[in-house]
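Visitor: I'm new to this one. Could you walk me through it, feature by feature?

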Amino acid sequence: MTFQYIAQHLLLSLVPWLVGSTLGCVIGYGIVLLIRTIFIGFPRHRGRMVFTPWRTIIMISLLLVYSPLIVVWVGLGSTATLQMVGFFVFLLALPIAAGILFEKWYPTSVVVRMAAVARILSTSSIVITVTAGIYSTGGLAPS
Amino acid sequence: MIEQMSLLEYKSVFSTLLIVAAITLMVDMLFGIPYFFLVRSKEEESLTRPMYQ
């Protein structure tokens, strides 16, 4: 029973990791190549690219993973778990791969990097408030 | 068995997501303004820095 449980856990975590991280890295690489082409063609627009709402898109997509939509579409069970974990890993792998490549081609200072992380955490705290406040603790419920 | 969601429940889920997306986007853009000026100042600093440093 225990071995079966461990094997199932490994299957449900490693298969989505492989698929999600591979897809995320490949698509992230493609997006960075596209953005690099835009930067080369229009170098003046580089500064304005900081307003690209990729953080919001990633965070809201992560929230979509925790909404009941996947379970309603697929049903309860291993398939829903595989899809949830795979989608989650894909959404994390995409900006990580893109960030590594960006840092290689356009290195930034420590202050800029720290400010970027603070900006990511500010958007993620809103999403965490929704998941923790509504689903886990009920602190966000209207009085 | 999970019952199929009604149109009203779909609307409820998507309206919650839309509200959260709007708040997240607002905070993202709000923090984007000082970040933009920080990136610009650091870029100018790196361009004016002598090559030997």
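Visitor: Let's begin with one residue: where is the place of Ala93(A)?

Guide: Ala93(A) sits in helix α4 of chain A. Helices here are DSSP runs of H or I with at least four residues, strands are runs of E with at least two, and both are numbered from the N terminus. Before we go on, this is a predicted model, where local features need pLDDT of at least 70 and side-chain atom pairs count only at pLDDT 80 or more, while totals for chains, interfaces and linings use all residues. Residues are numbered from 1 along each chain as its sequence is written, chains are lettered from A and ligands numbered from 1 in the order in which they are written, and side-chain values use heavy atoms, with hydrogens and water left out.

Visitor: Is Ala93(A) buried or exposed?

Guide: Buried means under 20% relative accessible area, exposed means over 50%, and partly exposed is in between (1.4 Å probe, protein chains only). Ala93(A) has a relative accessible area of 11%, so it counts as buried.

Visitor: Which residues does Ala93(A) touch?

Guide: Contact means heavy atoms within 4.5 Å. Not counting residues up to four places away in sequence, Ala93(A) touches Gly20(A), Ser21(A), Gly24(A) and Cys25(A). Look at Trp17(A) as well: 76 residues separate it from Ala93(A) along the chain, yet their C-alpha atoms are 9.5 Å apart.

Visitor: What covers the buried residues of α4(A)?

Guide: The cover includes α1 (2-41), α2 (54-66) and α3 (69-74) of chain A. Among the buried residues of α4(A) are Phe90(A), Leu94(A) and Leu101(A).

Visitor: How do I read the interface of chain B and chain A?

Guide: The size of an interface is often given as the accessible area lost when the parts come together. That buried area is found with a 1.4 Å probe and summed over both parts. Here chain B and chain A bury about 2,400 Å² between them, with 81% of it on carbon and sulfur atoms. In contact there are 24 residues of chain B and 28 residues of chain A.

Visitor: Which residues does Thr24(B) contact?

Guide: Thr24(B) lies in helix α1 (residues 7-48) of chain B. Leaving aside neighbours within four places in sequence, Thr24(B) is in contact with Thr56(A), Ile60(A), Thr123(A) and Ile126(A). Its relative accessible area is 0%, so Thr24(B) is buried.

Visitor: And salt bridges: how many are there over all chains?

Guide: Side chains of opposite charge can pair when their charged atoms come close. A salt bridge is a side-chain nitrogen of Lys or Arg within 4 Å of a carboxyl oxygen of Asp or Glu. The whole structure has two salt bridges over all chains. In one of them, Arg113(A) meets Glu103(A) at 3.6 Å, N to O. Arg113(A) is in helix α5 (residues 110-136) of chain A and Glu103(A) in helix α4 of chain A, 10 residues apart. Arg113(A) is partly exposed at 43% relative accessibility, and Glu103(A) is partly exposed at 27%.

Visitor: What is the count of salt bridges between chain B and chain A?

Guide: The count there is one. Asp28(B) and Arg119(A) pair through their side chains at 3.0 Å, N to O. Asp28(B) lies in helix α1 of chain B and Arg119(A) in helix α5 of chain A, so the pair joins two chains. Both Asp28(B) and Arg119(A) are buried.

How values were computed. Buried area = accessible area lost by both parts, 1.4 Å probe.
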